Structures are given as structure tokens and as C-alpha cells.
Amino acid sequence: MYNYVNPYYYASPYYSVNSYYYEDPYYRQIDLGTRWEVEEGGWRGVWTRRGNSNVFDARWTRAGERPITAVLRMRLQDNFVCISRRNSSDGNDCQYAGRIEGRRVTGFNICNRGGGPWSGTIIRGQRVPDLGTRWDEEESGWRGVWTRRGNSNIFDARWTRPGATPVTAVLRMQQQDNNVRIERRNSSDGNNCDYTGRIEGRRVTGNYTCDQGGGTWSATIT
């Protein structure tokens with residue numbers, strides 16, 4: 001089990017991923033915010049909280065490297081935090097321990113491979129909308145299904161319209177609060193596009209411009 005007198009001490013095997021989904025009384029003591037912006041070993045991470053739970057979806061990036069995703073589960077005692085990182089896309093699961101001082105967190109981690117210091121900033125402002133797993137979209141008579149790749153910001157998209165050849169493409173989304181920008185690339189019809197929109201609840205509306213044409217679009221997030 002974790003040693004809550006000294007949360008930097010690890011004395012148990014890793015928790016299973018399924019155990020992430022129950023309510024933990026410890027996380028109520030400190031506001032965990034809506035996301036954490038983290039640095040560790042040259043990687044920059046964005047950890048996005050699932051609602052008001054102690055479970056976070058994490059994504060790390062570093063120039064020239066493939067992005068890494070994982071699921072995090074946090075446990076608190078006072079202002080100390082212990083974090084289990086599981087389902088890592090690179091297979092490198094970790095244990096983190098840190099101390100929270102206001103909005104800043106600093107500590108150390110131990111991984112299957114390597115470890116070291118890490119630090120982060122807790123964002124406690126407006127919650128960033130959840131990108132979900134699928135967007136059902138409409139634009140200029142076409143119906144699109146955009147399917148998310150795991151917890152990443154990459155979607156595989158397919159559009160259909162009666163009498164027309166289906167179109168496929170890869171989408172990359174960027175969020176700032178409720179606003180979203182989407183790059184559509186590798187379009188099977190050769191018509192690459194850029195979308196802008198605003199997320200309100202589960203609905204998204206906006207405009208797009210393409211190599212050929214453009215217009216308005218809307219989508220429902222599930």
C-alpha cells in the first residue's frame with residue numbers, strides 16, 4: 001500500500017487500471033483543478049481531469065518524438081500527492097510523488113524505465129471541454145464521422161453524401177478554452193481544409209476554408 005506518512009515511499013505493486021474508477025476520499029482535500037501542465041525529462045505534459053474525479057487523461061510531447069498518452073489516478077494526503085500512471089502508450093508506466101504549494105507541484109517519479117524530477121502547474125480556471133470519442137458532423141451536404149485516436153487530439157474522419165465517393169482525412173485539433181481549430185490533412189479527395197469552431201456543451205458550430213471552397217459546419221460530440 002501507499003505510505004501516507006511519507007508519500008515518496010512506494011511499497012506496493014502497481015494498482016490495476018480498473019481501480020482508477022472509484023471515488024477516493026483523499027482527493028477532496030485540495031482542488032485538483034481542471035488540468036495540469038507538467039514538465040519532466042524534456043517532455044511537456046497536459047493532464048486533463050475527468051469531471052470532478054481523481055482520474056486524468058495525460059498527453060506528453062517533445063520535439064522529434066512520438067506523443068505519449070496515459071491514464072493517471074491521483075491520491076492526496078494534505079498537500080502531498082501520489083500518482084499512478086497506467087496504460088502508457090510507450091509501455092512505460094510510472095509512480096509520481098509530489099508536494100502541492102498553491103498552484104505549483106514539484107516532486108520525483110519512478111518508472112519501469114528511468115525516473116527523475118518533475119514539476120507542474122495546476123490550472124483551476126474554466127474547464128476545457130472534453131473532446132469525447134466521436135464527432136458526428138455536417139458540412140455542405142456531407143455527413144462526417146470523426147473518430148478519436150485514444151486520448152490524443154488526432155481524429156480519423158470519413159464523410160459521405162448520396163451519389164458521391166466517400167472522403168477520408170486525418171484531423172488534428174487544438175483547443176483554447178471553448179474554441180477549437182482543426183487541421184484536415186491527407187484528404188482522399190485532395191481537398192485539405194482548416195476549421196474553426198466553438199464548443200457549447202456537446203454542440204460545436206463554426207466555419208471552414210479549403211483548398212477548394214468552404215462554408216459552415218456543425219457537430220455533436222459523443
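Strands are DSSP runs (E, at least two residues) and helices are DSSP runs as well (H or I, at least four), numbered from the N terminus. A pocket is an open set of points on a 1 Å grid over the protein atoms alone, where a 1.4 Å probe fits, with protein on both sides within 12 Å along at least five of seven lines; lining residues have an atom within 4 Å of a point.

The model is predicted, so local features need pLDDT of at least 70 and side-chain atom pairs count only at pLDDT 80 or more, whereas totals for chains, interfaces and linings use all residues. Residues are numbered from 1 along each chain as its sequence is written, and side-chain values use heavy atoms, with hydrogens and water left out.

**Confidence**

The mean pLDDT (the predictor's confidence in each residue, from 0 to 100) is 86, and 85% of the residues reach 70 or more. Over residues 1-28 pLDDT stays under 50; the model has 70 contacts beyond four places in sequence for this stretch, a contact being heavy atoms within 4.5 Å.

Two or more lining residues come from each of β1 (35-40), β2 (43-49), β3 (55-61) and β12 (167-176).

Around the second largest pocket there are 16 lining residues, with Glu40, Gly41, Trp43, Arg85 and Asn92 nearest its centre. At least two residues each come from β7 (104-111) and β8 (115-123); β8 gives the most, three residues.

**Strands around β12**

Two strands pair if DSSP finds at least two bridges between them. Strand β11 (residues 154-160) pairs with β12 in the antiparallel sense over six bridges, and Phe155 has Leu171 of β12 as its bridge partner. Their hairpin has six residues between the strands, and Gly163 takes a positive phi near 80 degrees there.

β12 also pairs with strand β13 (residues 179-185), in the antiparallel sense over seven bridges. Gln174 stands opposite Arg181 in β13. The hairpin of β12 and β13 has two residues between the strands, and Asp177 has a positive phi near 55 degrees.
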